[in-house]
Number of protein chains: 2
Amino acid sequence: MPEIRQNLVTKDWVIIALERAKRPEDFKKRIKTKEVLPEYEKKCPFCPGNESAMAPEETLRIEKNGKWQVRIIPNKYPALSKAGERLRKVDGIKRRLSGVGLHEVVIETPLHNMTTALLPEKHLQCIIESYRQRYNEMAKDNRIEMIIIFKNHGEAAGTSLIHPHSQIVATPVVPTQVRERFINTQKYFDENLECVFCKILAEELKDGTRIVLETKHFVAFIPYAAMSPFHCWIYPRRHSSSFGDITDDEVTDLAVNLKLTLMKYYHGLNDPDFNFVIRSSPTDMKKLDFFHWYVSIVPRITKVAGFELGSGMFINSSLPENDARFLREVKI
Amino acid sequence: MPEIRQNLVTKDWVIIALERAKRPEDFKKRIKTKEVLPEYEKKCPFCPGNESAMAPEETLRIEKNGKWQVRIIPNKYPALSKAGERLRKVDGIKRRLSGVGLHEVVIETPLHNMTTALLPEKHLQCIIESYRQRYNEMAKDNRIEMIIIFKNHGEAAGTSLIHPHSQIVATPVVPTQVRERFINTQKYFDENLECVFCKILAEELKDGTRIVLETKHFVAFIPYAAMSPFHCWIYPRRHSSSFGDITDDEVTDLAVNLKLTLMKYYHGLNDPDFNFVIRSSPTDMKKLDFFHWYVSIVPRITKVAGFELGSGMFINSSLPENDARFLREVKI
């Protein structure tokens, strides 16, 4: 009999379809002939040497020995416009905001053919440090209410450029989904006098079956109601609602945790396409008791179809406990 | 400057990314060499002649001249189990329901190589009639709270079988997304003493710029805050919260409207992959003033990436008014 599990944060129900369940091995990416990529590609706007011609402007640069390690640049085709005022307009059923905001690209490495999982820990630390700096800088802009840091890896995850990069979008509005989740997590806090994320983390550590790996400050685990195979959360152990408040020590440790987790995907599932996102509180809300920032990784190995689009419920054809055990056992 | 538009039903914000905007023509599916398919395929479980060996059981059959036109069968790999009781269990952070429910497949035509858009109107009428019959039959099951009728067309929409088919899933729980939308639409009703869907329909008809086509009982249009290019809603003109209450006359007319709309996609965008879903109220809620059933069509011509997964907001790189004009002008 399948099981329908509830995600305690979102209250969403997920069908764990045991009768359709596959073995974790079945989700491995099938690799045709793997394309051999060069370290440098002359048409790539993110490759070193091409900066001045293709991507001159930059908002942040982390250097070592006079060479950049990480660069952050404005997106050439931004979803939101940097200049302008935040205006709201209601006109009958038409409610709109001016599309002001920031949209930047984090070039994660000078190497065109690298992949995030294989970067040295120290390098991942630079990337996370660059996220923190831009996050806190963008948060000072009065028009900004929310900052979303995310990565699209591979075609199924929505990327078109191969050179390793992530993105930061700062929006002039709090997404409705975030507000709706806050209603749930705030209610949980009011009833239990504790943060639901802290509670989940404590229970998961006690149970152990869904843990992928632990480091000093972070824990990677498969959620009890994972929405799709190998969906993974990385929670900081310390309660904090904003990614902007991450400490130096936590930056260093998140690099370790994220690298190990991504390596497990890379080796265990043959470098699957995936998205990751840092879920933080709105920029104007400081030190919330009822929200806890975290990283969510969603491998894109199954497709969202009509049922999911039409109900908001998900069907997961893999058992979270099996996914966690499989990842724990991947040797890296 | 981009525009951020609010969907009045879901309250979700959608970035209409005008600086990235493409022309409607750019969304046409690129067809490599189109595979020529046979009318009958001996390994297909949905083809006539293969019923007894591969899909003997059926829950509904519509015949003409002794031959079936539409068959509904249980899904061979159901997401939910037909037998069993609906049990709820809370165990700390683990909240779950037994996975009971119904999962059926609607075989839309005996012809393996047909496509829904090209079926005759009369045939589409049989399909919609079969949906209605099964919907009302499933709704009698006391364990069922919600019935989702949907179609996955093409690989990007999540289908693996070519033979034209749609699906019906009946769940033992109301999806959280549906309950959250009800809070919004009920509040709208309380404040304005009218259904928000009726209001949207009236305003869209007055405005005209987002209308795709009108028939006697239904109107197809691109939502003001369409979540992705060519996302389309088909609303019944008559206020009714449940698809189960569709009248004979409306079944006939929905066949006309759906066929014309799908034909416009088929010819205008080169048979794009798409999902459609019928959004109806929970089965136990009858005649709601604040909800209106409708059909939602989502062409799968762009990918959901990290930003959407991480915020619940969407970026639409096409202008709804342009999409509607383009579809209006497609000759069929």
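Which residues are buried in α2(B)? Some notes on that and the rest follow.

1. Ground rules. This is a predicted model, with local features needing pLDDT of at least 70 and side-chain atom pairs counted only at pLDDT 80 or more, while totals for chains, interfaces and linings use all residues. Residues are numbered from 1 along each chain as its sequence is written, and chains are lettered from A and ligands numbered from 1 in the order in which they are written.

2. Helix α2 of chain B. To take the opening question: B:His123, B:Leu124, B:Gln125, B:Cys126, B:Ile127, B:Ile128, B:Ser130, B:Tyr131, B:Arg132, B:Arg134 and B:Tyr135 are the buried ones in α2(B). Buried here is 20 or more other C-beta atoms within 10 Å of the residue's own, exposed is 12 or fewer, and partly exposed is in between, with C-beta atoms placed from the backbone. These buried residues pack against β3 (60-64), β4 (67-74), β7 (102-107), β8 (146-153), β9 (165-171) and α5 (248-268) of chain B. Helices (H or I, at least four residues) and strands (E, at least two) are DSSP runs, numbered from the N terminus.

3. Length check on the same helix. The 18 residues of α2(B), 121-138, should span 26 Å at 1.5 Å a residue, and the end C-alpha atoms sit 26 Å apart, which agrees. The expected span is 1.5 Å times one less than the number of residues.

4. Overall fold of chain A. You'll find seven helices and 15 strands in chain A. Its radius of gyration is 20 Å, close to the 20 Å the globule rule gives for 332 residues, so chain A is as compact as a globular protein of that length. (The radius is taken over C-alpha atoms, and the rule is 2.2 Å times the number of residues to the power 0.38.) The C-alpha trace spans about 60 × 55 × 40 Å along its principal axes, and buried residues make up 51% of the 332.

5. Strand β7 of chain A. Six of the six residues of β7(A), 102-107, are buried, so the strand is largely enclosed by the rest of the structure. A:Leu102, A:Glu104 and A:Val106 cover one side, and A:His103, A:Val105 and A:Ile107 the other. β7(A) pairs antiparallel with β4(A), residues 67-74, over four bridges, with A:Pro74 opposite A:Glu104. It also pairs antiparallel with β9(A), residues 165-171, over six bridges, where A:His103 faces A:Val169. Two strands pair if DSSP finds at least two bridges between them.

6. The interface. Chain A and chain B each put 63 residues into the contact, where contact is C-beta atoms, placed from the backbone, within 7 Å. Chain A's side divides into 31 nonpolar, 17 polar and 15 charged. As for classes, Ala, Val, Leu, Ile, Met, Phe, Trp, Tyr, Cys and Pro count as nonpolar, Asp, Glu, Lys and Arg as charged, and the others, Gly among them, as polar.

7. β6(A), residues 94-98, pairs antiparallel with β1(B), residues 3-6, over three bridges, and A:Leu97 stands opposite B:Ile4.

8. Symmetry. A 180° rotation with 0.0 Å of shift along its axis puts chain A on chain B at RMSD 0.0 Å, the relation of a two-fold axis. Copies are superposed by least squares on C-alpha atoms of residues with pLDDT of at least 70 in both. In chain A, the C-alpha nearest the axis belongs to A:Glu180, 3.9 Å from it.

Terms used: Two residues are in contact if their C-beta atoms, placed from the backbone, lie within 7 Å.
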